[in-house]
Protein chains: 4
Amino acid sequence: MPFNALSELAVFLRGFAAERGWEQFHSPKNLAMALNVEAAELSEHFQWLTEQQSLKLDEKQREAVALEMADVLIYLVRMADRLGIDLMDAARRKVVLNTEKYPAERRP
Amino acid sequence: MPFNALSELAVFLRGFAAERGWEQFHSPKNLAMALNVEAAELSEHFQWLTEQQSLKLDEKQREAVALEMADVLIYLVRMADRLGIDLMDAARRKVVLNTEKYPAERRP
Amino acid sequence: MPFNALSELAVFLRGFAAERGWEQFHSPKNLAMALNVEAAELSEHFQWLTEQQSLKLDEKQREAVALEMADVLIYLVRMADRLGIDLMDAARRKVVLNTEKYPAERRP
Amino acid sequence: MPFNALSELAVFLRGFAAERGWEQFHSPKNLAMALNVEAAELSEHFQWLTEQQSLKLDEKQREAVALEMADVLIYLVRMADRLGIDLMDAARRKVVLNTEKYPAERRP
């Protein structure tokens, strides 16, 4: 099951939760907590590394980090689905705001 | 600038950081911290709500939440880009592992 | 109101919440979320600093950091009070476990 | 080793880190990350519980939660020590600010 878009991942996760009777646990409040926990598990891999070391993970570390990042993405997509939020469009709106807030010194 | 895929967002963010001279700050370690901060800002919207209330946000709350979710996605995509990780493929691998770990009681 | 012990701070916070009708919001679950948010606000001060810079805060930064650390302590003490947990004794128990888990190479 | 005050815990933790050669890892930046991770591990115990359930932990859960809270306290005290911050006095200053910011409707 390769996912070509976040919307496909959202549909998969909806089914995954439904099959396991997990919808009752998946309030946006609870999903926000779970997302925080996964973000912390991700940063745990980096807490005692220097910034330089964090750029040079070995293959085993890199795969562990990739799976933690996947957990963050999974809860983010699941939460957006529960709230009816289009994540890619929210990213577009946020990027517009950031471009206004932080003008580039010089544009290439 | 609509983004059709996470890879397009990654390319945009790479340019955004480069134009502002931010690459020096964007070590995976620092990006992991920033991702955590954004995840916490997201959950701040929900901390005093009941689970029921978290399902019924008004339009203003929903847009604020959508923009915080966008911040999480932006740092996640930026971090994956710095580490050379394919997020969508990592999600696929993680979903395979989750399906093995949590077998559905009955499949529909 | 100087606090001589965590137990005095706990009593103060209990009264503070009661006077404002906040007990209804102070479930351990919600306090855990609030504690996470404060921990993230604390780390936000450090996210773009190098480790060296984080050791040399100026007076203004140091006071801002001190007040964020106070917020973490306040929610931690409030949560312990709601759960009937003695924090200082829990720290003692944890320190015993850590000493077993991480034996010192050589003791001075 | 019972701890009668946070300052005693700070002195113990300073020796504990020194004996293990951990000072090099204990920059305020790294300790802030570690504090966040522990705060998230604490909230992980509550993420799928209702608020009501979070008030009624059984003995095993309560001890696990107590030890996670101890971890948060330990990193908080260690970080304050590295920054030369007096946590109890910072809590006093923060409580003064909170009392101004949130006046009680009626004082008993």
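**Contacts between chains**

Tutor: A:Glu63 forms a salt bridge with B:Arg93, and the closest N and O atoms are 2.8 Å apart. The model is predicted: local features need pLDDT of at least 70, side-chain atom pairs count only at pLDDT 80 or more, and totals for chains, interfaces and linings use all residues. Residues are numbered from 1 along each chain as its sequence is written, chains are lettered from A in the order in which they are written, and side-chain values use heavy atoms, without hydrogens and water.

Student: Which element gives the most to the side of chain A that touches chain B?

Tutor: H4(A) does, with 16 residues. Helices here are DSSP runs (H or I, at least four residues), numbered from the N terminus.

Student: How is the extent of the interface of chain A and chain B expressed, as buried area?

Tutor: The area buried is about 5,700 Å², of which carbon and sulfur atoms give 70%. Buried area is the accessible area (1.4 Å probe) that two parts lose on being put together, summed over both. A:Lys29, A:Met69 and A:Met88 supply 11% of the area that chain A buries against chain B, more than any other three residues. In contact terms (heavy atoms within 4.5 Å), 71 residues of chain A meet 71 residues of chain B.

Student: What makes C:Lys29 buried?

Tutor: Buried means under 20% relative accessible area (1.4 Å probe, protein chains only), with exposed over 50% and partly exposed in between. C:Lys29 has a relative accessible area of 0%, so the label applies. Leaving aside neighbours within four places in sequence, the residues in contact with C:Lys29 include A:Met33, B:Glu51 and D:Trp48.

Student: How do you know that chain D and chain B are related as by a two-fold rotation axis?

Tutor: Chain D can be laid on chain B with an RMSD of 0.0 Å by a turn of 180° and a shift of 0.0 Å along the axis. The two copies are therefore related as by a two-fold rotation axis. The superposition is by least squares on the C-alpha atoms of residues with pLDDT of at least 70 in both.

Conventions. Salt bridge = Lys/Arg side-chain N within 4 Å of Asp/Glu carboxyl O. Helix = DSSP H or I, 4+ residues; strand = E, 2+ residues; numbered from the N terminus.
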